[in-house]
Amino acid sequence: MRGNYRKFCFSAVASLTAALMMSTAPLPAAAQQCDAEEGGASKTLDPRVGAEIQKIYELMQNEQYAEALAGFNNLIANRGDSMKAYDKSTVYELRGSVKVNMENFGGALQDFQTALNANGLPAARNNQLRYFIAQLNFQMERYQTAITGLNQWINNARACNVAVDSNAYYLLAAAYTQISPPNFRAAVRPAEQAIAGMDEPRKGYFDLLNLVYSELNDNAKRTPLLERMVNIWPNERSYWTQLSGAYSVMGKDRDAFSVLEVAYRAGLVKAENELLTLIQYYSFFDNPYRGAVLLEREMNANNIKRNQKNLILLSQLWSQAREHKKSIPILREAAGQSSNGELYYRLGMVLLADEQYAASQRALESAINRGGMDQKDTGDAWLLLGTARFSQAGPEDTRIWASARQAFVNAQRYSNSRRRASDWITYIDAVVNAYWDGRKLEYQQNLDACKDDMARFERDQRIRDLQNREATPEELEEQQARMDECKALEEAGPPSRNKPSGPANDEAESAPAEDATEEEDATANEE
């Protein structure tokens, strides 16, 4: 900014000086009117002073500022008291421009003020001095003084039909944002005028107005401004992300997503938080598969941390995309980094959805044993555990049914899972009752069949006796085998629930260390 300011200030003063020394042509009518209000008509330099200024001016053109400063100092020392107002204002005006180029802004400010106070210049040049003074006050962070000076200069310039350059509006708007507290409301109009009056797009002008709109939460104006900015500077990453954010604030999530996606494809979105925002938009707009692919790719590229939080997000995206097999190892990795049971609970859910019942049971038992879950998830974990156990049972696995039922009993302790658990218990009880009723009926049918077979054996023996023949070895073997079966059936007695049958399932039989902690019991009682 200093470099631009220095060049602008010097070129403006030098142009004025050259005009003074080369011509006394009359000013336009509007300028003459302003001159009549202050400082009189155009004046000329004393020939001796003008001759010395000409020599010093050549040093200024050659950027020999130290020599030029010494020349002005000698001129003021030798002729200062005798110089008329016009000569004095001109000399101090030029020395001020030399000090600007030497970055002696305080000294330049004093010289310009002395030139203005001498009141020897035409109104147009005096007003130009006010502009330089205001710029220097801005440079020296005297923002309130700069505001006063810039407003005065702008008002005078308009009165004299002098064009107000866009840089003046820019400085005025910037000064309003720098005072304490900032006055962003007052900065709006000059910041807009700065952009309206520029010959070609200036990034700083747009950035300032963007800042002002942002501070005022004026997204209705900020959004079209950012749209212009991304078209003028398409490679500026921050403009794309800011436009996406502005759309989001306005509730235009589809536009926010589209802007961010275009920027990503152009290679402009690289920050982790921006990438995660884009990934979540994919999920929000029902494309979790693309979100998962993007997240996994950026994780592998080390642009997104492979931490527990992001692993959970990846597993959720794969699950939403119905890619459960891809979700499982990701969630298992995240669960291994956790100290509580929450992630094992989620893992158990995914495994259950994928019909991996034994693995789901192990994960859910780990979740319950680890603890750290809220009441809702704990109740659901018991409910899902019962489902996983029951799903492993065969048609006669009464011990697995009992294990599943116990899990549902524990789920009844929690209000959110109580009704569903009760329905499961009712169903299991019905299955068990039907099973034992069937077993009893089968037992009775087998007994009846044994009685019929014993009666048949007696009839067959009587027939053989009448035929005066012995039973064949095969008949005797069949008869003995059947009698042994019937004897074993009578000795076993009717089936009883106290003597459950069916193969034991080690995985189904494994249970959490505690079916319910004392703390859970207390909570259940409160509910």
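This is a predicted model: local features need pLDDT of at least 70, side-chain atom pairs count only at pLDDT 80 or more; totals for chains, interfaces and linings use all residues.
Helix α9 spans residues 166-178. It comprises 13 residues. From the first C-alpha of α9 to the last, the distance is 19 Å, close to the 18 Å expected at 1.5 Å a residue. Helix α9 is mostly covered, with 11 of its 13 residues buried. The buried set consists of S166, N167, A168, Y169, L171, L172, A173, A174, A175, Y176 and T177. Several helices contribute to this cover. Among the elements over the buried residues of α9 are α7, α8 (143-159), α10 and α11 (203-215).

One of these partners is α7, which runs over residues 123-139. Helices α7 and α9 pack at an angle of about 40°. Their axes lie 11 Å apart. The crossing of α7 past α9 is left-handed. On the α7 side, the contact is formed by Y131, Q135 and F138. On the α9 side, N167, A168, L171, A174 and A175 take part. By class, six residues of this contact are nonpolar and two are polar. No charged residue is present in the contact of α7 with α9.

Q193 counts as buried because its relative accessibility is 16%, and the cut-off for burial is under 20%. Residues up to four places away in sequence aside, Q193 touches R158 and Y169.

Helix α14 covers residues 253-265, and helix α15 covers residues 272-284. They pack at an angle of about 130°, with axes 10 Å apart. The two helices are therefore oblique to each other. Helix α14 passes α15 in a left-handed crossing. From α14, the contact draws on D253, A256, F257, L260, E261 and Y264. These meet E274, L275, T277, L278, Y281, Y282 and F284 of α15. The contact of α14 with α15 contains nine nonpolar residues, one polar residue and three charged residues.

Technical notes:
Residues are numbered from 1 along each chain as its sequence is written. Side-chain values use heavy atoms; hydrogens and water are left out. Axes are lines fitted to C-alpha atoms, for helices over the stretch in contact, and angles run from 0 to 180 degrees between N-to-C directions. Helices (H or I, at least four residues) and strands (E, at least two) are DSSP runs, numbered from the N terminus. A crossing is left-handed if the near helix is turned anticlockwise from the far one by less than a right angle, and right-handed if clockwise. Contact means heavy atoms within 4.5 Å. Ala, Val, Leu, Ile, Met, Phe, Trp, Tyr, Cys and Pro count as nonpolar, Asp, Glu, Lys and Arg as charged, and the others, Gly among them, as polar. Buried means under 20% relative accessible area, exposed over 50%, partly exposed in between (1.4 Å probe, protein chains only). Angles under 35 degrees count as roughly parallel, over 145 as roughly antiparallel, 65 to 115 as roughly perpendicular and the rest as oblique. The expected span of a helix is 1.5 Å times one less than its number of residues.
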